[in-house]
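This report covers side-chain contacts: ring pairs, charges over rings, a surface patch and salt bridges.

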Amino acid sequence: MEPLRREFVYIWYYFDLQLRQIFWYWVLGMAIGSLISVFAKDGIHDLFRRMNGRKWGVFGIVPACLLGIASPLCMYGTIPIAASFSRQGTRHDWLAAFMMASILLNPQLIIYSAALGPTALAVRIVSCFLCGCAAGLLLWLFYRNRPFFDFTGFAERESHDTHPNLLIRYLLNFWRNVRATGLYFLFGILLSALFQRYVPQDVMVNAFGGNEAWGVLMAATVGVPLYACGGGTIPLLRQWLWEGMSLGSAAAFMLTGPATKITNLGALKIVMGVRRFLLYLAFVTAFSFVTGIVVNLLIG
């Protein structure tokens, strides 16, 4: 019984240490995410709607991608919005950039990722932006005169943020964020504590460290089953980076994780169909792998 108690004490020590280091990033991320969702979401989407009258051509991919990052919606919320944009005549290369960026990043996740340090945060923002731009550019090159998405049956959802009292509306949104991410966040901290206690540091270095392609490929692959919630993976990534994971491997994980999250894949398969959905998976895999290699070469 004594060894079991001792192990519990060790795990609790690591859990408590991680929680105190990351907790306030999580809270601040939800606070800012709720502010944007309640007070700025409609304005962000109206800006995208107003792009329809602009003759920016392929260059419209850039603002579309930036607005996708600024949008606080998850993919199941983004697709009905994108469907309404499509019905209003928005180009599908712009929609691809908007949706890809929205899958990968949002204001809340940016704040969470600050816990990884400024360099990792910058890598995440830049790589997600470039991935969104690349998705839009590929549609412009190969589907310029053909629709890529099929939004049949999708209608814009009613907003949950309708309470007449602005403070209560904000608090209700904040509470929904807590319920949506809280368990994943705590589970991520528990996993990182278990890794810290039971996984030797040299294992992480051998698997994900250095500038080798194998580490990047491994991280990209691990991102598929492990990613359930952005906030839940931050404690793991923080621990892995501390134990020797290369920044390129972390970048690959941060791209494949949200891009292949089960709920996101389910929604995307509906609007893409099987063949284009497989193209999407190939694109995500290739882009994350190349990004990881480039990041390791540039930053090391």
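## Burial and the model

A residue is called buried when its relative accessible area is under 20%, and exposed when that area is over 50%. Tyr143 has 11% relative accessibility, so Tyr143 counts as buried. The model is predicted.

## Aromatic pairs

The whole structure holds 15 aromatic pairs. One of them joins Tyr143 and Phe148: the ring centres are 4.9 Å apart and the planes meet at 80°, so this pair is edge-to-face. Phe148 is buried, with a relative accessible area of 7%.

Phe277 and Tyr280 pair in another geometry: their planes are at 25° and their centres 6.4 Å apart, so the pair is stacked. Both residues belong to helix 14 (residues 274–298). They are 3 residues apart, about one turn of the helix. Phe277 is buried at 10% relative accessibility. Tyr280 is buried too, at 6%.

Ring pairs also build a cluster. Its members are Phe23, Trp24, Trp26 and Phe185.

## Arginines over rings

Tyr143 has a further contact. Arg146 lies over the face of its ring, 4.4 Å from the ring centre. Arg144 lies over the face of Trp140, at 4.0 Å from the ring centre.

## A nonpolar surface patch

Which residues form a nonpolar patch on the surface? They are Leu137, Leu138, Leu141 and Phe142, with about 360 Å² of accessible area together. Phe142 is in helix 7 (residues 118–142). Phe142 is exposed, with a relative accessible area of 53%.

## Salt bridges

How many salt bridges are there? The count comes to 3.

Arg20 and Asp16 form one, with N to O at 3.0 Å. These two residues are 4 apart in helix 1 (residues 2–39), about one helical turn. Arg20 is exposed at 54% relative accessibility. Asp16 is partly exposed, at 24%. Another bridge links Arg49 and Asp46, with N to O at 3.3 Å. They sit 3 residues apart in helix 2 (residues 41–50), again about one helical turn. Arg49 is partly exposed at 21% relative accessibility, and Asp46 is partly exposed at 32%.

Asp93 and Arg91 also form a salt bridge, with their closest N and O atoms 2.7 Å apart. Is Asp93 buried or exposed? Asp93 is buried, with a relative accessible area of 5%. Arg91 is partly exposed, with a relative accessible area of 31%.

Definitions and conventions: Residues numbered from 1 in each chain as written. Predicted model: local features only at pLDDT ≥ 70, side-chain atom pairs only at ≥ 80, totals over all residues. Heavy atoms only, no water. Phe/Tyr/Trp six-rings, centres within 6.5 Å; stacked < 30°, edge-to-face > 60°. Buried < 20%, exposed > 50% of the residue type's maximum accessible area, 1.4 Å probe, protein only. Lys NZ or Arg CZ within 6 Å of the ring centre and 35° of its normal. Patch = residues over 30% accessible without salt bridge, like charges linked within 9 Å, V, L, I, M, F, W, Y side chains within 5 Å. Areas by Shrake-Rupley, 256 points an atom, 1.4 Å probe, with all protein chains shown as cover. Salt bridge = Lys/Arg side-chain N within 4 Å of Asp/Glu carboxyl O.
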